[in-house]
Amino acid sequence: TPEVPEETAGPFPADGSNGVNVLTESGIVRSDLTSSFGSAAAVAEGVPLTIALTVLDVAAGGTPAEGAAVYLWHCDREGRYSLYDPALASENYLRGVQASGGDGALSFTSIWPGAYSGRWPHIHFEVYPSLGEATSAGAKLVTSQIALPEDACREVYASAGYEQSAANLTGASLASDMVFADGYSTQLATATGAPADGMTITLNVGV
């Protein structure tokens, strides 16, 4: 099992490294990311998405990493990040933490992210050794990004509300993306499903 590469967390991590820290807030540990939690109540609209990750321990020969915690975040259908975009400064949707089970697996329910200008469609994540480390914004094992497959993006972006994403995708490519240009074999998710019923992406994450 190859290790997933270290990538930039970008300007909108909300992990305390750039302003706000959502990791230490009560409610961040959740599988459904579509709505904001706490005192915020916005719900992200878009094609339903299940994000299924399996965390594998590279040093242990690729066996499942039980109890590892993943903090995952991504932009909304309009390409905006909660807590940073001026319109979403008090919202925290599309962010959450889950711990892996004995099989190394964990999953999130979300919406398919939009494509904003200058980047290939992607999902950010950080892997922590435990839930305790994650919710105290402690020591990370890796910060990386998931690349969404092109065919599935085109299919989803034909849906109502994703018009700007469809336009932005035409000017983007995995090969020229600032994060994925140096290789994305361990970061490219597999997509199944249909926009009308909901999509699923799966990825093995070697740490």
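Arginine 30 is buried (under 20% relative accessible area, with over 50% counted as exposed and partly exposed in between, for a 1.4 Å probe and protein chains only) and yet has no salt bridge, a salt bridge being a side-chain nitrogen of Lys or Arg within 4 Å of a carboxyl oxygen of Asp or Glu. The nearest side chain of opposite charge belongs to aspartate 32, 6.1 Å away, where Lys and Arg count as positive, Asp and Glu as negative, and His and the chain ends are not counted. The side chain of arginine 30 does reach the backbone oxygen of arginine 95, at 2.9 Å. Arginine 30 sits in the segment before strand E1 (48-57), and, neighbours within four places in sequence aside, its contacts (heavy atoms within 4.5 Å) include Ser35, Phe37, Tyr93, Arg95 and Phe108.

This is a predicted model, in which local features need pLDDT of at least 70 and side-chain atom pairs count only at pLDDT 80 or more, while totals for chains, interfaces and linings use all residues. Residues are numbered from 1 along each chain as its sequence is written, and side-chain values use heavy atoms, with hydrogens and water left out.

The protein has 3 helices and 9 strands, these being DSSP runs numbered from the N terminus, with helices (H or I) of at least four residues and strands (E) of at least two. Along the sequence they follow the pattern β-β-β-β-β-β-α-β-α-α-β-β. The radius of gyration, taken over C-alpha atoms, is set against a globule rule of 2.2 Å times the number of residues to the power 0.38; for 207 residues a compact globule would have a value near 17 Å, and the 16 Å of the protein agrees with this. Of the 207 residues, 48% count as buried, and among contacts between residues at least 6 apart in sequence, 73% join residues at least 24 apart.

In soluble globular proteins, nonpolar side chains tend to be buried together. Here the largest nonpolar core has 43 residues, a core being a set of buried Ala, Val, Leu, Ile, Met, Phe, Trp, Tyr and Cys residues joined through side-chain atoms within 4.5 Å. Among the elements that give two or more residues to this core are E1, strand E3 (69-73), helix H2 (150-156) and strand E9 (198-206). Leu53 is one of the residues with the most contacts inside the core, and, residues up to four places away in sequence not counted, leucine 53 touches Val70, Leu72, Gly104, Ala105, Leu106, Ile146, Leu203 and Val205. A second, separate core of 15 residues includes Ala9, Cys75, Tyr81 and Ala134.

Although arginine 30 has no salt bridge, the structure holds 8 of them. Arginine 119 pairs with aspartate 177, the closest N and O atoms being 2.8 Å apart, and this pair links distant parts of the chain, from the loop between E5 and E6 to the loop between helix H3 (163-170) and strand E8 (190-194), 58 residues apart. Both arginine 119 and aspartate 177 are buried. Lysine 140 and glutamate 126 also meet in a salt bridge (4.0 Å, N to O); lysine 140 is partly exposed, with a relative accessible area of 37%, whereas glutamate 126, at 0%, counts as buried. Within helix H2, glutamate 150 and arginine 154 are 4 residues apart and so separated by about one helical turn, and their closest N and O atoms lie 2.5 Å apart in a salt bridge. Finally, Glu45, Asp76, Arg77, Glu78 and Arg80 are linked in a network of salt bridges.

Technical notes: Polar contact = N/O pair within 3.5 Å; in protein donor to acceptor, adjacent residues only side chain to side chain.
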